[in-house]
Amino acid sequence: MIFFEHHHPLLWYLFSPILALFLNDANVWYAARIFVLFILAIDCFFIGKICFLIRRDIEFALLSILFFLLPEVVVLEGVSFRPDGLMMCFVLSGIYFLFSFFKIGKKSHLVCSFILFFLALMASQKAVLILFPVAVVFLYHIVAYKISLRTVCFAMMFFWH
């Protein structure tokens, strides 16, 4: 299937195989809700992983997931078929891999982080608002020589091809 959506095409392309299975059936809306619930579950997984990476406390990680799910807006709008959920999924997973890179130092985690941030931008351009503070912190680490420019260039090599 081909879509013309110049703002956030990734959600439509990821959902298109499922859409093709249902053709003109009204049950596609249930499939869309299940698809988005799966994305919300991945969000919860990465929130827990980020919090566990920070504090190494399982109760803290579980409480953070609970506090993420408590607001009414997450419960009501978290199952809406919109690109924002997919964007947050990629942002949270990218932040996890970035924190993991800061903690462990594996270059592959930085590459994964950059790729996931790019996918977040492909899901929705609102990701720029979330990624701007992340970029400021990352630039600080470059200027403070905590991350070498060579490592950053290695991680960005994926985008140069």
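Me: Hi! Which ring does the charged end of Lys107 sit over?
Reply: The ring of Phe154, with the charged end 5.2 Å from the ring's centre. A charge counts as over a ring if Lys NZ or Arg CZ is within 6 Å of the centre and within 35 degrees of the ring normal. This is a predicted model, with local features needing pLDDT of at least 70 and side-chain atom pairs 80 or more, while totals for chains, interfaces and linings use all residues. Residues are numbered from 1 along each chain as written, and side-chain values use heavy atoms, without hydrogens or water.

Me: And what about Arg55, which face does it lie over?
Reply: Arg55 lies over the face of Phe60, at 4.6 Å from the ring centre.

Me: Switching topic: how many aromatic pairs are there?
Reply: The structure holds 11 (Phe, Tyr or six-membered Trp rings with centres within 6.5 Å; planes under 30 degrees apart are stacked, over 60 edge-to-face, the rest tilted). One of them joins Phe102 and Phe138: this pair is tilted, 6.5 Å centre to centre with 35° between the planes.

Me: What does that pair tie together?
Reply: Phe102 lies in helix α5 and Phe138 in helix α7, so parts 36 residues apart in sequence are tied together. Helices here are DSSP runs (H or I, at least four residues), numbered from the N terminus.

Me: Is Phe138 buried or exposed?
Reply: Phe138 counts as buried, at 8% relative accessibility. Phe102, at 30%, counts as partly exposed. Buried is under 20% relative accessible area, exposed over 50%, partly exposed in between (1.4 Å probe, protein chains only).

Me: Which residues form an aromatic cluster?
Reply: Trp12, Phe15, Phe35 and Phe81 form one.

Technical notes
Helix = DSSP H or I, 4+ residues; strand = E, 2+ residues; numbered from the N terminus.
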